Amino acid sequence: MTKVAVFMGSASDEDLMKPCAEILDSLGVSYLFTVTSAHRTPERTEALVSELEAGGCQVFICAAGMAAHLAGAVAARTTRPVLGVPLAASPLGGMDALLATVQMPPGFPVGTLALDKAGAKNAAWLAAQILALSDPALAQRLKDERAGFLASVEKAAAKVERADAERRAGKKGTS
Ligand code: RP5
């Protein structure tokens with residue numbers, strides 16, 4: 001069963017959104033990764049939302065650049081959580097997509113993540129966190145991943161502290 005839908009407004013968005021798919025893969029979350037556009041293929045977008053919802057999809061992730069209406073168009077068709085990833089695909093540096101995604105009218109929320117790859121990654125983490133509310137095994141995998149983040153920061157901190165201590169000791173030796 002597909003638990004998460006990852007929609008992109010164009011195939012040109014694929015590279016920015018790959019990290020989203022990679023994280024869902026690593027967490028063992030089933031997903032559909034595809035292209036559909038609010039403007040170019042509105043019927044396909046509508047049909048996909050209906051089919052996926054009927055099949056048990058729980059979370060919709062929508063990424064688009066420019067006049068990014070994809071997340072809003074999906075939010076209009078479902079009451080399941082919709083996460084939006086604005087992409088910096090225009091000379092406006094993504095501010096266009098950010099505002100189009102985040103400024104939804106009340107009643108049709110789109111949980112808006114950061115621009116580009118950071119948002120792509122966090123959309124996957126947040127979708128997994130939503131699914132984990134009713135999936136204890138996934139909740140445990142998320143806790144394990146958090147422990148990994150913590151361990152890597154502690155390792156990095158120890159390395160920086162060691163290098164700093166060596167630098168200071170070297171200075172003392174020369175004075
Ligand atoms: C948006 O327009 C897409 O999400 C993409 O970011 C942007 C440009 O699309 P292409 O012209 O590259 O297909 O709808």
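Me: Which residues cover the two faces of strand 4?
Reply: On one side V82, G84 and P86 are buried, and on the other L83, V85 and L87 are buried, which leaves both faces of strand 4 covered. Buried here means under 20% relative accessible area, while exposed means over 50% and partly exposed is in between, with a 1.4 Å probe and protein chains only. Strands (E, at least two residues) and helices (H or I, at least four) are DSSP runs, numbered from the N terminus.

Me: What kind of model is this, and how are residues numbered?
Reply: This is a predicted model, in which local features need pLDDT of at least 70 and side-chain atom pairs count only at pLDDT 80 or more, whereas totals for chains, interfaces and linings use all residues. Residues are numbered from 1 along each chain as its sequence is written, and side-chain values use heavy atoms, with hydrogens and water left out.

Me: Back to strand 4, how many of its residues are buried?
Reply: Six of the six are buried, so strand 4 is largely enclosed by the rest of the structure.

Me: And strand 3, how many of its residues are buried there?
Reply: Seven of the seven residues of strand 3 are buried, so this strand is mostly covered too. V59, I61, A63 and G65 lie on one side, with F60, C62 and A64 on the other. In general, side chains in a regular strand alternate between the two faces of the sheet.

Me: What is the strand order of the sheet?
Reply: The sheet is open, has five strands in the order 2-1-3-4-5, and its pairing is parallel. At the edges are strand 2 (31-35) and strand 5 (111-112), each of which pairs on one side only. Two strands are taken to pair if DSSP finds at least two bridges between them.

Me: Which helix lies across strand 4?
Reply: Helix 4 (residues 95-102) lies across strand 3, strand 4 (82-87) and strand 5, and runs at about 165° to strand 4. The axes are lines fitted to C-alpha atoms, for helices over the stretch in contact, and the angles run from 0 to 180 degrees between N-to-C directions; contact means heavy atoms within 4.5 Å.

Me: New topic: how many disulfides does the structure hold?
Reply: The structure holds zero disulfides, a disulfide being a pair of cysteine sulfur atoms within 2.5 Å. The sulfur of C20 is 11 Å from the closest cysteine sulfur, in C62, which is too far for a bond. For C57 the closest cysteine sulfur is also in C62, at 9.7 Å, again too far.

Me: Are C20 and C57 buried or exposed?
Reply: C20 is buried, with a relative accessible area of 0%, and C57 likewise counts as buried at 0%.

Me: Which residues other than glycine have a positive phi?
Reply: Among them are M66, whose phi is near 60°, and D116, with a phi of about 60°. M66 sits in the loop between strand 3 and helix 3 (70-75) and is partly exposed, at 49% relative accessible area, whereas D116 is found in helix 5 (residues 116-132). In general, most residues other than glycine have a negative phi.

Me: What are the domains, and where do their bounds fall?
Reply: The assignment gives domain 1 (4-134) and domain 2 (136-175), with bounds that come from an automatic or database domain assignment. Their centres, taken over C-alpha atoms, are separated by 34 Å.

Me: How many residues are in contact between domain 1 and domain 2?
Reply: Nine residues of domain 1 are in contact with eight residues of domain 2. The area buried between them is about 690 Å², of which carbon and sulfur atoms give 71%; buried area is the accessible area (1.4 Å probe) that two parts lose on being put together, summed over both. L27, W125 and A132 supply 63% of the area that domain 1 buries against domain 2, more than any other three residues.

Me: Where is G173 found?
Reply: G173 is found in helix 6 (residues 136-174), and is exposed, with a relative accessible area of 65%. The C-alpha atoms of G173 and E145, 28 residues apart along the chain, are separated by 42 Å.
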